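Hi everyone, thanks for making time. I'd like to walk you through one model today, so let's get it up on the screen.

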Amino acid sequence: MAARTAARFVQRRLLSSGGKVLSEEEKAAENVYIKKMEQEKLEKLARKGPEQASSTTSSAASDVKAAGGPTESASTGVSTDKNRNYAVAAGTIAALSGLGWYLLSKPKKSEEVVD
């Protein structure tokens, strides 16, 4: 949960400016806008009804439980997001390729013949 909060902070506060340095007034305006958008999102969840809001909070809680340990069943941790699945597969392949390249690039030890 803390990692998710930290990632949200970095994404919204530090990366939202596009890398340019903002003045104090621009920072204040951006903070007001971000808080307004977060408030609208919470109001939208509240309008959906208690069942919908509780299901989203319970899904967030189940995400924390799934990351907590192996007690959850395997089907609850399976992602249905196609792009995320491709990213995980590509990352795994890249890591294994890098490891293979590292291990195979070591020079072969050969015996020297002494005359």
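Let me start with a question: over residues 86-104, how much of the chain is helix and how much is strand, and how far apart are the end C-alpha atoms? The chain there is 100% helix and 0% strand, with the end C-alpha atoms 26 Å apart. In UniProt, an unreviewed entry annotates residues 86-104 as "transmembrane region"; UniProt positions are given in the numbering used here, feature names are shortened, and annotations may be inferred rather than shown by experiment.

Some housekeeping. This is a predicted model, where local features need pLDDT of at least 70, side-chain atom pairs count only at pLDDT 80 or more, and totals for chains, interfaces and linings use all residues. Residues are numbered from 1 along each chain as its sequence is written, and side-chain values use heavy atoms, leaving out hydrogens and water.

Now the overall picture. The protein has four helices and zero strands, and along the sequence that reads α-α-α-α. Helices (H or I, at least four residues) and strands (E, at least two) are DSSP runs, numbered from the N terminus.

On to confidence, or pLDDT, which the predictor gives each residue from 0 to 100. The mean for the protein is 75, and 63% of its residues reach 70 or more. Helix α3 (residues 50-68) is lowest, at a mean of 52, while α4 is highest, at 92.

How much of the protein is buried? Of its 115 residues, 4% count as buried, meaning under 20% relative accessible area, with exposed over 50% and partly exposed in between (1.4 Å probe, protein chains only).

Finally, look at L96, which sits in helix α4 (residues 82-104). L96 counts as exposed because its relative accessibility is 57%.
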